[in-house]
Amino acid sequence: MGSIRLLRLELRRSIMLWLLPVIAALFWLITYRSAMSNPPMWNIRAMSMQTSILAVFVPTIVGAAAWLGSREARHGLTDLLSGTARTRWVRQLATWAATTCWALVAYLGCVAVLYTVTARQATWGGPLWWPVAVGAASLPASAALGFVAGTARPSRFTAPVVAVTAFLALEITANFIHGDNSPWQVSPLVAGPWEIGPDQGVATFYPYLRDLPIVQLMFLAGLSVALLAMLGLPAGSGSRRMRWFAAALTTGGVLATVAATALAGTGRLDPHGMIAIPALHRASSDRPVPYTPVCADTKIPVCLHPAYAVHLPTVVAALDSVLGELAGLPGAPVRIEQAAASYQQESPNGVRIGRSGKVMSGNPPTLHLLLPMQGGRSMTVGELSSALRTETAHDIVNSVIGGDRRDLSPAQQAVLDAILKTSTLRPGTPAATAAQRLAALPPAARHAWLTQHVAALRAGQIALADLP
């Protein structure tokens, strides 16, 4: 009961109470605004939250804990309090626990605000709790780090110096991450492949992997235990038996952090864009998440993953004219479905993102579409529309008139320019002239010619002179 009363006392007089408004303001400035600038998708908002919210909480909590850890020495109360019923270690743990409790209250409140807004905006999926768990586990570790620093160097300057140092250390160590098997990705800043950051294609078609979060939780728990146990090692912290117990806890915590760091070094980038740890990976995590696509009633139906439903009007507006040109042609797709992205580690800091599976499959054929933002790029609506009219439309037409060929014949290039109404060919060349001639035809006449000759065009048997 005495320990509970001590904890209540520390909760009432904790400096964290005065820092709650500061935390709320920093959360809105650093985390909330950044998250709201992303599309309303659970994966990208949760992963970006894990990375940015630590910039709010870690320096704040480390500084507050360092100030409280040095309180007894700064006020000259160490000898006076040594005669109390509670040992020094118990008193320190009570102060640390109060700091951690208020930090968790602030953290969970911030997460609740962000997740509530996302729940109202998202079109598919649900909250991701692993990023929340990693962020929450960072708070006890941050408080323990600050408390140990304040106890070791009791000065009024310790708190600001340690807070700034912790923030810089957290950010600088992220620069040491190279490749998918870097042990530095045990850092709680990391929510996925560090080279691409929060990506819309990750944890959408496939589950969010628990592998790296488990390793990070193991690391943070070990770090918290080791730091807190170090407070019980000095003489005067408690009885001899208590100090031996603290030494055992310190050893166990250090071993846990070392083991977690070693496990992080065995990571690999899986084809779905997450870091897989072989010792922790489950085969069930490689199965796609079932979903019902959202489709537009266009001449060739376009179907997207429901998480991307907000982009469907933009996709339809950008591709509608091209789909009208291709609808009904022999070999043209009867349906366009969004494909999952495939990820491959190429160099220490390079990741190649492409389409998972074939461009065309089935009979009648279905075209599998990779949206431009699935390539790891963040886009505005205007940038997405432009990329769809150029890159995506080009790929769709090319799949119909060129098949699997990468190098198009002059006739195929001319037809491509005519359908897309672009001018990529050098002016005055026979191909450019043929493209202008074909583009000038009425849509019905052009479609009738393509219907009759698209098979020969795809086989490379049509010359420029054969174009109408």
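**A strand and its sheet**

Tutor: Strand E8 (residues 360-361) is joined to E9 by two bridges, and the two strands run antiparallel. The model is a predicted one, and what follows should be read as a description of that prediction.

Met-360 has Leu-367 of E9 as its bridge partner. Between the strands, the hairpin of E8 and E9 has four residues, and in this hairpin Gly-362 adopts a positive phi near 85°.

E9 also pairs with strand E5 (residues 335-338), here in the parallel sense and over four bridges. In that pairing Ile-336 stands opposite Leu-367 of E9.

Next, the faces of E9. In a regular strand, side chains alternate between the two faces of the sheet. In strand E9 (residues 366-369), Thr-366 and His-368 lie on one side and Leu-367 and Leu-369 on the other. These four residues are all buried, and both faces of the strand are covered.

The pairing continues beyond E5. Strand E4 (residues 302-304) is joined to E5 by two bridges, and these two run parallel. Cys-303 has Glu-337 in E5 as its bridge partner. Put together, the open sheet has five strands in the order E3-E4-E5-E9-E8, and its pairing is mixed. E3 and E8 are at the edges with a single partner strand each, so one side of each has no neighbour in the sheet.

Six aromatic pairs are counted in the model. One of the pairs, Tyr-115 with Trp-129, is tilted, with 5.6 Å centre to centre and 50° between the planes. Tyr-115 is in helix H6 (residues 88-121) and Trp-129 in the loop between H6 and helix H7 (130-152), so this pair ties together parts 14 residues apart in sequence. Tyr-115 is buried at a relative accessible area of 7%, whereas Trp-129 is exposed at 54%. The pair that involves Tyr-291 is edge-to-face: Phe-205 and Tyr-291 are 5.8 Å apart centre to centre, with 80° between the planes. Phe-205 is buried, with a relative accessible area of 6%, while Tyr-291 is partly exposed at 31%. Tyr-115 and Trp-129 also belong to one aromatic cluster with Trp-42. Another ring, that of Trp-28, has the charged end of Arg-33 over it, 5.2 Å from the ring centre.

Covered segments are found among the helices too. Helix H13 (residues 410-420) is mostly covered, with nine of its 11 residues buried. Among them are Val-415, Asp-417 and Ile-419. The cover over these buried residues includes helix H11 (312-326), helix H12 (381-401), helix H14 (430-439) and helix H15 (443-458). After H13 comes Lys-421, whose phi is positive, near 55°.

Thr-250 lies in helix H10 (residues 240-264) and is buried, with a relative accessibility of 13%. Apart from neighbours within four places in sequence, Thr-250 has contacts with Ala-226, Ala-229, Met-230 and Leu-233.

Last, the chain as a whole. The protein chain has 15 helices and nine strands. Its radius of gyration is 30 Å, well over the 23 Å that the globule rule gives for 468 residues, so the chain is more spread out than a compact globule. The C-alpha trace spans about 100 × 40 × 40 Å along its principal axes. Of the 468 residues, 49% are buried. Of the contacts between residues at least 6 apart in sequence, 72% join residues at least 24 apart. The accessible surface is about 21400 Å², and carbon and sulfur atoms account for 62% of that surface.

Technical notes: Residues numbered from 1 in each chain as written. Predicted model: local features only at pLDDT ≥ 70, side-chain atom pairs only at ≥ 80, totals over all residues. Heavy atoms only, no water. Phe/Tyr/Trp six-rings, centres within 6.5 Å; stacked < 30°, edge-to-face > 60°. Buried < 20%, exposed > 50% of the residue type's maximum accessible area, 1.4 Å probe, protein only. Lys NZ or Arg CZ within 6 Å of the ring centre and 35° of its normal. Contact = heavy atoms within 4.5 Å. Rg over C-alpha atoms; globule rule 2.2 N^0.38 Å. Areas by Shrake-Rupley, 256 points an atom, 1.4 Å probe, with all protein chains shown as cover. Pairing = 2+ DSSP bridges.
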